[in-house]
Amino acid sequence: MEAARIGVVNVPLFGEFRDPSELVRSSGAELIKLSIDPREEPEEAAGKLADLDVVIAGSTPIYDRRLFARLPRLKAVIRWGVGYDNVVLEDATREGVIASRLPAYVLRDSVAEHTIALILSLLRRIPAADSYVREGRWEEGDVEGLRELVGERIEEKIVGIIGLGNIGLRVLELLKPLKPRRIIVYDPYVSGEVVRALGADRAGSLEELLALSDIITIHAPLTPETRRMLDRRAFEKMKPGAYLVNTARGGIIDPDALLWALESGILKAAALDVFDPEPIPADHPILRRGNVILTPHIGSGTISSYKRMDEYSIQEALRILRGEKPLWILNPEVLESPRLRAKIRV
Ligand code: NAD
């Protein structure tokens, strides 16, 4: 029988911290690492993925009907992560493809710690301070430059958390010992009772959170409801001089409105691990703004998270290939699909 092929697509550091060939060896499956330009046409991308049985997928490209329809051999797409906004579940189900992702605990703490690092980097101007030293301005005695490095205390700040799921909750826990003035949460699916029990206050609306917060941090998934949730109207409701942190998904923020807010002073500064589009094109105006800290979607990027993400995604792939039920399936109704059953028995 032909060996099953597992493709790792757009996860450049897969296998860097743990040799994944060990994990597949006894299964006989073959592991292939691929990269696809997210701007590629589906026909072109499908050509590269055509002989795969399972894809372990990065946060690009988009896996929708246009791809699935061209990949009759594909049995499953497993997100190497938790956000699955680039996998269209209805399309996967219709085409008989299992969609799965990793459990939140493998990366929750890493993303939350990155978020805290970004909040403190904004308040203490860490990247600008680093440049000040490297560029010799310390030695020159540049007082003007030094003045710009004077930071702010979190104790004086109201922090607003949008989305209190796994990551938002861990951010809240990590913030509490830093003693911000107040923590406010906006999450329409979490009750005021739960929020109060955590020592925070629930905002009744997004507008309320925007109007009160000095630091806003986003931890909601990208869904039709949250896409462009922070648009020009939302920025207009913010406290002038607020800070914004986004480690969730770029599509939650309208990039033009964000640029406007950074220019107009509505935002003092922003720290972004995610952006729309990704990667950020080299000529994008956001790269020319001094009041922005950018990281390349590395919220979950710690050795311990990456090791577990590699291991768990391979294990889920092998379960599916053995015909066992996937542990973290997102579209369980597909298990009844004759189109999936024609490919594999689960
Ligand atoms: P989660 O599903 O546990 O939590 C998401 C929370 O957002 C839920 O409590 C939900 O009720 C809330 N929510 C949904 N719609 C909302 C809305 N309209 N307004 C406010 N809140 C809303 O997810 P998680 O594990 O905490 O992850 C959150 C997001 O972080 C993921 O969806 C993913 O996009 C992103 N993420 C980024 C990285 C990174 O490397 N930067 C890594 C992992 C996850």
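How far apart should the ends of helix H14 (residues 303-321) be at 1.5 Å a residue? Select the helix and check: its 19 residues should span 27 Å, and the end C-alpha atoms are 27 Å apart, which agrees. The expected span here is 1.5 Å times one less than the number of residues. Helices (H or I, at least four residues) and strands (E, at least two) are DSSP runs, numbered from the N terminus.

Before moving on, please note that this is a predicted model: local features need pLDDT of at least 70, side-chain atom pairs count only at pLDDT 80 or more, and totals for chains, interfaces and linings use all residues. Residues are numbered from 1 along each chain as its sequence is written, and side-chain values use heavy atoms, with hydrogens and water left out.

**Stop 1**

Two strands pair if DSSP finds at least two bridges between them.

Now zoom in on strand E1 (residues 5-9), which runs parallel to E2 and is joined to it by five bridges. Pick Arg5 and you can find its bridge partner in E2, Glu30.

**Stop 1: the seven-stranded sheet**

Next, select the open sheet with the order E8-E7-E6-E9-E10-E11-E12, again with parallel pairing. Strand E8 (201-202) and E12 stand at its edges with a single partner strand each, so one side of each is left without a neighbour in the sheet. E11 and E12 pair in the parallel sense over three bridges, and Ala270 stands opposite Val292 in E12.

**Stop 2: a pocket and a cavity**

Which residues lie closest to the centre of the second largest pocket? Select Arg125, Ala128, Gly290, Asn291 and Val292, out of the 19 residues that line this pocket. The space inside is about 440 Å³. Helix H5 (108-124), helix H6 (126-134), helix H8 (143-148), strand E11 (267-272) and strand E12 (292-294) each supply at least two lining residues. By class, the lining has 10 nonpolar, four polar and five charged residues. Ala, Val, Leu, Ile, Met, Phe, Trp, Tyr, Cys and Pro count as nonpolar, Asp, Glu, Lys and Arg as charged, and the others, Gly among them, as polar.

For the largest cavity, select Asn246, Gly250, Ile253, Pro255, Leu258, Leu272, Val274, Phe275 and Asp276, which line it. About 50 Å³ of space lies there.

On a 1 Å grid over the protein atoms alone, a cavity is a set of points where a 1.4 Å probe fits but cannot get out, while a pocket is an open set with protein on both sides within 12 Å along at least five of seven lines; lining residues have an atom within 4 Å of a point. Grid points are joined across faces, edges and corners, and a volume is the space filled by probe spheres set on the points.

**Stop 3: backbone details**

Most residues other than glycine have a negative phi, and most peptide bonds are trans. Go to Thr60 and Pro61, which are joined by a cis peptide bond with omega about -10 degrees; Pro61 lies in the loop between E3 and helix H3 (65-68). Glu278 and Pro279 are also joined by a cis peptide bond, with omega about -10 degrees, and Pro279 lies in the loop between E11 and E12.

Arg125, in the loop between H5 and H6, has a positive phi near 55 degrees. His297, in the loop between E12 and H14, has a positive phi of about 50 degrees although it is not a glycine. Finish just after H14, where Gly323 takes a positive phi of about 85 degrees.
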